[in-house]
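Open the structure in a viewer and keep the sequence panel beside it. The stops below go one selection at a time.

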Amino acid sequence: MSNPLIESLTRAVEAAPGDVPLRLHLAELLVAAGQQDAAITQCAVALQHEPGNVAARALMGRAMAGPDGGTSVTPPPPEGTAAPAAAAPPVGPQPTPPSDPPAYGAPAPDSSPVSFDWTMAESDVSEVAPERMFVAGGDEQATDVPAWDVERTSLTLKDVGGMSQVKDRLTAAFIAPMQNPELRKLYGKSLRGGMLLYGPPGCGKTFIGRAIAGELGAHFINVGLADVLDMYIGASERNVADIFRLARANAPVVVFLDEVDALGQKRSLTRSSGMRTTVNQLLTELDGISGQNEGVFVVGATNQPWDVDPALRRPGRLDRTLLVLPPDQPARESIFRHHLAQRPVEGIDLGWLAKSTDGFSGADIAHVCETASEKALMEGVRTGVIRMIQMKDLKAALAEVRPSTGPWFDSARNVVQFANEDGTYNELRDYMKKNRKL
Amino acid sequence: MPGGDGRAGDRAGVEHAALRAESLNSLGRHDQALAVASRALASDPGDSELLIQAAVAHLGLGAPEESRRLLYSAAALDPGSARIHRILSFVALQEGLLAEAVQAGLRAVQLSPFDSLAHAQLARALARQGDRASAVTAAGRAIELAPNSAETHIAMADVLFPDGTRPPKADLARAEEHLGRALQVEPSNAAALNDLARIHLARGHGVRAAGHLASAVRADPMTEVMQRNMDVVFISLVARAHWVLFVMWFVTRQVFREGGGNSPRWVPLVLAVAGLGIIGWVLLRLRAQIPAHLGAFVRGFVRRERVGTLWTACLAATAVLFVASAVAPDSVREGLLLWAWVPLLAGAVLSWVRVGRSRRQR
């Protein structure tokens with residue numbers, strides 16, 4: 001369903017993302033062409049730029065009302081009536097009064113107040129849902145596909161909202177030397193290295209790992225504990241060796257070791273000899289034999305750096321550490337913007353939200369946005385009136401969601417106070433002192 | 001044979017979950033371990049390893065009853081496992097079920113007579129039951145089986161100096177010797193350092209005990225027991241200083257009062273020197289033993305020990321009043337000395353409150 005005018009306008013909008021009238025014009029055409037989803041996205045972006053734009057809101061309402069002007073959510077019929085056409089409009093603004101029967105037909109006469117026909121909706125989307133990967137009779141877990149995907153990531157540090165300190169440190173300590181081969185050769189710096197990212201959960205360590213790979217133009221291998229651990233003797237070590245073999249074959253590559261504390265936990269804490277030999281194998285692979293690791297950058301991420309075997313942090317291994325703290329105010333604003341970008345929103349005060357969410361992790365903010373969406377959606381289901389996500393939904397969600405980083409700082413306090421002789425956690429200590437967490 | 005492959009896949013998943021749960025338990029992340037084990041148990045409720053890991057997680061989360069229930073289920077599934085009975089003995093001991101702990105310990109030893117950990121656990125259970133001779137024999141056997149294991153030496157120390165007892169000096173010396181060996185094997189073994197501190201505290205060497213506890217906390221900052229034990233050491237130091245000043249004040253008031261009821265000038269001077277001297281000496285020695293973290297321990301003490309903090313404040317107020325009476329003119333000297341009685345008495349009352357509370361907590 002390609003329309004040259006729409007394609008041309010889409011390119012124009014991409015070239016001038018801040019041009020709201022142009023974007024609305026495109027949205028208008030998309031609605032006319034029956035491409036409601038794309039129209040809603042355009043309207044949402046327009047509303048991000050100008051939350052009070054009446055035309056955008058009206059157009060959003062039309063787009064949401066569906067191709068027939070109906071809605072996918074049918075208003076509940078008043079008591080004793082069965083025909084939706086006779087239903088009085090519910091209280092509150094309605095983007096476009098439905099003139100025709102709803103897209104999914106009339107509600108069943110015995111329907112409950114919430115009369116959305118989920119079965120019908122699911123059958124409608126079944127055509128676009130992906131098919132099962134394996135046909136019946138095959139074992140879904142048995143596959144010849146390698147367990148580890150070598151990815152190409154287009155993310156860069158520019159995609160990481162806020163966190164300027166983290167980005168500066170990453171650039172200075174890791175990325176700049178790798179990106180400047182001449183300087184690197186001049187100073188005799190090898191094209192290998194490791195870094196340990198640590199901080200409270202949900203603050204973007206994995207995202208930063210991907211961004212490092214993108215920034216270096218390297219491949220990306222994400223390794224979790226589940227990819228390595230194996231019950232059978234020697235299998236976990238073999239898995240570690242396989243990962244590094246794959247990495248060397250795909251250099252330059254960033255090997256991202258998620259939950260490195262579990263994978264490379266202190267051997268003094270490990271009762272299982274299997275885990276100990278796995279840590280030993282990891283150390284061997286990190287050292288590489290005769291410079292085999294050229295072009296292999298290992299980035300470990302952990303919430304509990306104090307449980308990581310000290311041997312993993314010796315020079316040549318994960319010898320640089322970077323604290324990834326909960327996002328600062330600009331970062332929180334970016335994260336809110338990101339999570340609300342594809343949703344129908346109006347009148348959102350991102351500045352207020354960012355200011356009110358001090359101590360929230362990125363995951364917490366995502367949860368706030370999700371909760372707010374649920375609230376708006378459920379109200380739509382209940383009343384039959386589709387409406388956009390508003391500040392009141394986000395405020396209500398904020399009242400429910402508590403920052404998840406508190407327990408992490410409680411644990412970290414013990415380490416910072418009593419086990420920081422070598423100054424490893426000085427950065428964390430300074431942050432905690434500054435934020436009265438110590 | 002797809003079905004067979006599927007079962008193999010399920011099996012691998014369960015085994016993987018058990019490994020993961022064990023790893024999380026060993027890191028002290030019992031809530032996560034329980035989540036992993038519970039999810040896997042939903043698909044395979046008959047896996048004894050998963051039951052063990054769930055039991056360990058429950059124990060770590062402070063639910064020994066549930067832990068014991070799961071261990072009995074695991075033992076029913078795998079009755080020949082010495083490990084299950086050993087852990088069961090440990091859990092029963094935590095709950096104070098001494099006969100059950102001994103029985104499970106004996107079963108573990110029968111099933112695996114060359115397992116040093118089983119003998120060590122049996123020794124602990126026997127010691128708590130009061131059968132000291134058998135406990136020492138069991139701990140000795142554990143050391144014979146694994147002479148280079150810190151765990152067996154710590155078990156012997158626990159047998160010689162069980163918690164809440166006052167053993168003879170010879171036993172304390174033997175316990176100290178075994179802990180020394182444990183620390184030779186693992187210099188930063190937090191349990192051994194903690195036990196060494198207990199021995200020093202029993203001998204009345206509070207400051208030295210504080211030094212060992214500081215090392216234990218440094219080795220394992222996440223376990224709060226050592227920090228609480230440091231509070232006990234602080235309390236014992238405050239108690240000793242308080243009672244010394246209390247007795248000095250009482251004696252000097254009774255013996256050295258002049259005809260008019262006033263104390264001679266040198267009395268407040270002696271009290272002031274004693275007060276400042278005791279407090280200063282303790283602080284200096286603590287500073288020497290805990291050079292880096294004294295402030296952090298004191299802050300923790302203030303946060304956890306309200307009564308202890310008040311008691312310390314009373315002690316400080318007493319010392320201040322002694323000093324004030326020593327330098328004050330004769331007209332107010334006696335009044336200030338009398339006022340010093342108030343914080344001294346308040347401290348005494350607080351000491352009784354503290355003792356009552358700790359007894360209730362036990």
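Which residue in β3(A) is the bridge partner of Arg152(A)? Select Arg152(A) and look across to β3(A): the partner is His219(A). Keep in mind throughout that this is a predicted model.

**Stop 1: the sheet in chain A**

Now select the strands of chain A. There are 6 strands in an open sheet, and their order is β1-β3-β4-β5-β2-β6, with mixed pairing. At the edges stand β1 (150–152) and β6 (320–323) of chain A; each has a single partner strand, so one side of each lacks a neighbour in the sheet. On average, and ignoring direction, neighbouring strands are turned by 25 degrees against each other.

As background, strands of a sheet pair through backbone hydrogen bonds, in either a parallel or an antiparallel way.

- β1(A) and strand β3 (residues 219–223) of chain A run antiparallel and are joined by 3 bridges.
- β3(A) and β4(A) are parallel, with 5 bridges between them. Pick Ile221(A) to find one of these places: its bridge partner in β4(A) is Val255(A).
- β4(A) and β5(A) also run parallel, joined by 5 bridges. Here Phe256(A) has Val299(A) in β5(A) as its bridge partner.

**Stop 2: strand β4(A)**

Select residues 253–257 of chain A, which make up β4. Is this strand mostly covered or open? β4(A) is mostly covered, with 5 of its 5 residues buried. Show the side chains next. Val253(A), Val255(A) and Leu257(A) point one way, while Val254(A) and Phe256(A) point the other way; all are buried.

**Stop 3: chain A as a whole**

Chain A contains 18 helices and 6 strands, and 37% of its 438 residues count as buried. Of the contacts in chain A between residues at least 6 apart in sequence, 73% join residues at least 24 apart.

**Stop 4: chain B**

How many helices and strands does chain B have? The count is 17 helices and 0 strands. Chain B has 362 residues, 44% of them buried. For contacts in chain B with a separation of 6 or more, residues 24 or more positions apart account for 56%.

**Stop 5: around helix α7(B)**

Select helix α6 (residues 98–111) and helix α7 (residues 116–129) of chain B. Their axes are 8 Å apart and the packing angle is about 155 degrees, which makes α6(B) roughly antiparallel to α7(B). The crossing of these helices is left-handed. By class, the contact of α6(B) with α7(B) has 10 nonpolar, 4 polar and 1 charged residues.

The contact of α7(B) with α9(B) divides into 6 nonpolar, 2 polar and 3 charged residues.

Note on methods: Residues numbered from 1 in each chain as written. Chains lettered and ligands numbered in written order. Predicted model: local features only at pLDDT ≥ 70, side-chain atom pairs only at ≥ 80, totals over all residues. Helix = DSSP H or I, 4+ residues; strand = E, 2+ residues; numbered from the N terminus. Buried ≥ 20, exposed ≤ 12 C-beta atoms within 10 Å, placed from the backbone. Contact = placed C-beta atoms within 7 Å. Axes fitted to C-alpha atoms, helices over the stretch in contact; angles between N-to-C directions. Parallel < 35°, antiparallel > 145°, perpendicular 65-115°, else oblique. Left-handed = near helix turned anticlockwise from the far one by under 90°. Nonpolar A, V, L, I, M, F, W, Y, C, P; charged D, E, K, R; others polar. Pairing = 2+ DSSP bridges.
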